[in-house]
Amino acid sequence: MNFNINIDKYRNLKRSMEREMINLNPIQRAGVLPIESKKAIYEFWDGYSVCDYCSGRLDKIETPPIHEFLEDLSKFLNMDVSRPTHGARESKFIVMNSVCKEGDYVVLDSNAHYTSYVAIERAKLNYQEVESEGYPTFRIDPEKYKETIDNLEDSGKNIGLILLTHVDGNYGNLADAEKIGKIAREKGYPFLLNCAYSVGRMPVDGKKLNADFIAASGHKSMAASGPAGILSINDEFADSILKTSKKFLVKELEMLGCTSRGLPILTLMTSFPHVVERVKKWDEEVKKTRYLVKELEEIGFIQLGVAPKEHDLVRFETPILDEIAQKDKRRGYFFYDELKKRKIGGIKRGTTKELKMSVYGLSWEQVEYVVDSIKEIVKSSL
Ligand SMILES: *Cc1c(COP(=O)(O)O)cnc(C)c1O
């Protein structure tokens, strides 16, 4: 048989980013695997590798200890029950699909991730945005949530869910979940906290933040290969989220029986000890981020979002880079190019007006190297 496919391009695929470069891409910084997870991959790289001792459901498997892991995760997040998913987006969809009725409104912040909107659409729901304060802080005011809910109620709309992006991927703002959760509770609506950018990086206490549901991302923030995520819920919603099939009595419907069944859940689990330890050092990460901001603002970068930073994702306006790009024959690519020469990667190619970066998990020495390199590039280009 001749399929007329050139299969050679699939051989020897390589990636040297994390080995040879300092990667500043915010979506990748907290998804770097610790060595113990890299070792575990050798044991579990085959398909369905975690299912050797399964008696019907992923979350009940004892060898490897998935069942205990989920209980420990619930303690870690101060929630009641946890399930693995394929990512934060799947966790959000599961919540929407099981606690809302078709056509219900989801109230969400205007900094929400595109996956929140896509999940809403797939679950056949409507949404109403709570506008941020806009440029330059893009802060979400909790009182605006209250107003938005009141307005929807006054116009006779049915609200099914309140959703908040705990830390957003545009500005790295840390939203006031506790207050917004309290508003949701007082109004009697379930509250979903999207922790894709927070759980695994910083301490998150679900009960303190008044969350009914937490969506987390393994590959974004929990040092896992992924795709893998977590959905943690409070007991009150266990019946609706964890309902089982009528035909296959042990299979949970929203999980389509089982979700992450192999390496993704495995590395999530083997990286957990590393994650538990690193969230204790969150203050140090914030210090590194503030240092980065302070240093780069000296050369004309302008930090967007709430200041001072409370999260490692930083978005800068960079008029100075734009100015240099006008004169450089490489145009917008000069910055990427110069960084690459210095073994720094993860900054979008060709963009000079704005950029996002994170130094999460880098040593102080590396952070200083990044700062010095950027300063040198800018100063020598002027
Ligand atoms: C990255 C991101 C997501 C998507 O996470 P997945 O685990 O890939 O689904 C969702 N929300 C926010 C705020 C994100 O930054």
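A crossing of two helices is called left-handed if the near helix is turned anticlockwise from the far one by less than a right angle, and right-handed if it is turned clockwise. With that definition in hand, the crossing of H3 and H11 is right-handed. The structure is a predicted model, in which local features need pLDDT of at least 70 and side-chain atom pairs count only at pLDDT 80 or more, while totals for chains, interfaces and linings use all residues. Residues are numbered from 1 along each chain as its sequence is written, and side-chain values use heavy atoms, with hydrogens and water left out.

**Helix pairs**

Helices (H or I, at least four residues) and strands (E, at least two) are DSSP runs, numbered from the N terminus. The axes in the table are lines fitted to C-alpha atoms, for helices over the stretch in contact, and the angles run from 0 to 180 degrees between N-to-C directions.

| Helix pair | Angle | Axis distance |
|---|---|---|
| H3 (residues 35-44) and H11 (residues 263-270) | roughly 145° | within 9 Å |
| H4 (residues 66-77) and H12 (residues 272-279) | about 10° | 12 Å |
| H15 (residues 334-341) and H16 (residues 364-381) | about 130° | 10 Å |

The crossing of H15 and H16 is right-handed. In this pair, Phe334, Phe335, Glu338 and Leu339 of H15 meet Ile374, Ile377 and Ser381 of H16, contact meaning heavy atoms within 4.5 Å. Sorted by class, this contact has 5 nonpolar, 1 polar and 1 charged residues; Ala, Val, Leu, Ile, Met, Phe, Trp, Tyr, Cys and Pro count as nonpolar, Asp, Glu, Lys and Arg as charged, and the others, Gly among them, as polar.

For H3 and H11, whose axes cross at roughly 145°, the contact is made by Glu36, Ser37, Ala40, Ile41 and Phe44 of H3 and by Leu263, Leu266, Thr267 and Thr270 of H11. These residues divide into 5 nonpolar, 3 polar and 1 charged.

**The ligand**

The ligand is surrounded by 14 residues, of which the closest are Ala88, Arg89, Asn194, Ser217 and Lys220; a residue counts as near if one of its heavy atoms lies within 4 Å. An N or O atom in the side chain of Arg89 is 2.7 Å from an oxygen atom of the ligand. A polar side-chain atom of Asn194 lies 2.9 Å from a nitrogen atom of the ligand, and one of His219 lies 2.9 Å from an oxygen atom of the ligand.

**Backbone details**

Most residues other than glycine have a negative phi, and most peptide bonds are trans. A cis peptide bond, with omega about 0°, joins Tyr135 and Pro136, and Pro136 is placed in the loop between strand E4 (126-130) and helix H7 (142-154). The peptide bond from Gly226 to Pro227 is cis as well, with omega near -5°, and Pro227 is found in the loop between helix H9 (218-221) and strand E8 (229-233). Asn12, in the segment before helix H1 (17-20), has a positive phi near 55°.

Technical notes:
Polar contact = N/O pair within 3.5 Å; in protein donor to acceptor, adjacent residues only side chain to side chain.
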